[in-house]
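Please look at the sequence and structure before reading the points.

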Amino acid sequence: MTETIKISIITVCYNAENTISKTIESVISQDYNHIEYIIIDGSSKDQTLCIINSYAGKISKVISEPDNGIYDAMNKGIEMATGDFIYFLGSGDYLIPNVIPAVIPQLSDTQSIYYGDVIFSPINKIYDGKFTKYKLAIRNICHQSMFFPTQFLKEHPYDLKYKAYSDWVSNIFFISKGFRFVYLNIIIAKYEIGGFSESGDNVFRKTQGQLIRKHLGCKAYLYYKFRNLITDIIKPFISHFNNNK
């Protein structure tokens with residue numbers, strides 16, 4: 001792409017008065033002028049909105065209203081986005097300094113999904129390299145590492161029946177349809193583990209195997225089942241070891 005690339009960064013938050021400033025600061029400090037920053041607040045009851053409003057002039061669009069879950073809020077952000085690419089940054093997570101200028105030259109077309117790595121905080125673990133459909137069958141690409149062509153998400157918004165893993169479902173769908181995933185060997189953000197996405201999603205867990213078999217194929221499904229079997233076998237031994245340290 002030779003023209004200037006516009007990035008829409010979307011932050012979804014609720015009652016985030018203790019974390020939202022760090023997130024906002026990491027976005028507005030990027031040395032790149034073509035960022036559209038959108039914040040979707042779920043009608044917070046604390047001081048979150050006051051803090052957001054204190055950055056007036058540095059945030060492109062803000063809405064604060066009740067929603068039907070995190071993916072409903074994200075879909076609202078997608079509808080509002082006007083950039084070439086969309087990037088999601090959760091409240092409490094933050095961009096690596098000046099990572100956006102480093103990523104921009106590698107976004108060569110708007111027909112590919114680009115992703116890098118994140119650092120899991122507070123354990124400082126880098127997650128998680130290049131993905132194949134087999135790797136995607138057992139774990140997801142971290143949302144805070146991904147740059148989506150805006151049109152892809154406008155045409156395929158997140159399915160609200162999945163409360164915590166709708167982004168994983170979307171990634172499985174995109175890779176099954178032949179959408180090109182391009183790995184960038186760049187750490188994009190620090191991601192605070194233990195958030196909503198790790199709270200569980202019974203709908204997803206009940207249908208995960210079916211989704212993998214339907215969209216990723218029988219080999220990926222068998223790999224998924226094999227990994228689960230191995231995990232179930234060794235889990236009691238790990239638990240026993242930990243309890244007898």
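The points below are grouped by topic, after a note on conventions.

This is a predicted model, in which local features need pLDDT of at least 70, side-chain atom pairs count only at pLDDT 80 or more, and totals for chains, interfaces and linings use all residues. Residues are numbered from 1 along each chain as its sequence is written, and side-chain values use heavy atoms, with hydrogens and water left out.

**Salt bridges**

- A salt bridge is taken as a side-chain nitrogen of Lys or Arg within 4 Å of a carboxyl oxygen of Asp or Glu, and by this rule the count is five.
- One of these salt bridges pairs Arg-180 with Asp-109, with 3.2 Å between the closest N and O atoms.
- Arg-180 sits in strand S9 (residues 180-192) and Asp-109 in the loop between helix H4 (99-103) and strand S6 (112-121), so this pair ties together parts that are 71 residues apart in sequence. Helices (H or I, at least four residues) and strands (E, at least two) are DSSP runs, numbered from the N terminus.
- Arg-180 is partly exposed at 45% relative accessibility, and Asp-109 is partly exposed at 21%. Buried means under 20% relative accessible area, exposed over 50%, and partly exposed in between (1.4 Å probe, protein chains only).
- Asp-128 forms a salt bridge with Lys-135, where the closest N and O atoms are 3.6 Å apart. Lys-135 is buried at 17% relative accessibility, and Asp-128 is buried at 18%.
- Asp-128 also forms a salt bridge with Arg-139, the closest N and O atoms being 2.5 Å apart. Asp-128 lies in the loop between strand S7 (125-127) and helix H5 (133-138), and Arg-139 in the loop between H5 and strand S8 (146-149), so the pair ties together parts that are 11 residues apart in sequence.
- Arg-139 is partly exposed, with 27% relative accessibility. Shared partners join Asp-128, Lys-135 and Arg-139 into one network of salt bridges.

- In helix H1 (residues 20-28), the buried residues include Ile-20, Thr-23, Ile-24, Ser-26 and Val-27.
- Viewed down the axis of H1, its buried residues fall within an arc of 160 degrees, so they line one face of the helix. The arc is that of the directions from the helix axis to the C-beta atoms.
- An α-helix has 3.6 residues a turn, so residues three or four places apart point the same way.
- The cover over the buried residues of H1 includes strand S1 (7-13), strand S2 (35-41), helix H2 (48-53) and strand S5 (94-95).
- The axes of helix H7 (residues 166-176) and helix H8 (residues 202-216) come within 10 Å and cross at roughly 10 degrees. Axes are lines fitted to C-alpha atoms, for helices over the stretch in contact, and angles run from 0 to 180 degrees between N-to-C directions.
- That crossing makes H7 roughly parallel to H8. Angles under 35 degrees count as roughly parallel, over 145 as roughly antiparallel, 65 to 115 as roughly perpendicular and the rest as oblique.
- On the H7 side of the contact are Trp-168, Val-169, Ile-172, Phe-173, Ile-175 and Ser-176, and on the H8 side Phe-204, Arg-205, Gln-208, Leu-211, His-215 and Leu-216. Contact means heavy atoms within 4.5 Å.
- The residues of the contact of H7 with H8 divide into eight nonpolar, three polar and one charged. Ala, Val, Leu, Ile, Met, Phe, Trp, Tyr, Cys and Pro count as nonpolar, Asp, Glu, Lys and Arg as charged, and the others, Gly among them, as polar.

**Backbone geometry**

- Most residues other than glycine have a negative phi, and most peptide bonds are trans.
- Ser-121 and Pro-122 are joined by a cis peptide bond with omega about 10 degrees, and Pro-122 lies in the loop between S6 and S7.
- A cis peptide bond also joins Tyr-127 and Asp-128, with omega about -5 degrees.
- Ser-43 has a positive phi near 65 degrees. Ser-43 lies in the loop between S2 and H2 and is partly exposed at 22% relative accessibility.
- Asn-98, not a glycine, has a positive phi of about 55 degrees. Asn-98 is in the loop between S5 and H4 and is partly exposed at 38% relative accessibility.

**A buried serine**

- Ser-8 belongs to strand S1 and is buried, with a relative accessible area of 0%.
- Leaving out residues up to four places away in sequence, Ser-8 touches Glu-36, Ala-81, Thr-82, Gly-83, Phe-85, Ile-86 and Tyr-87.
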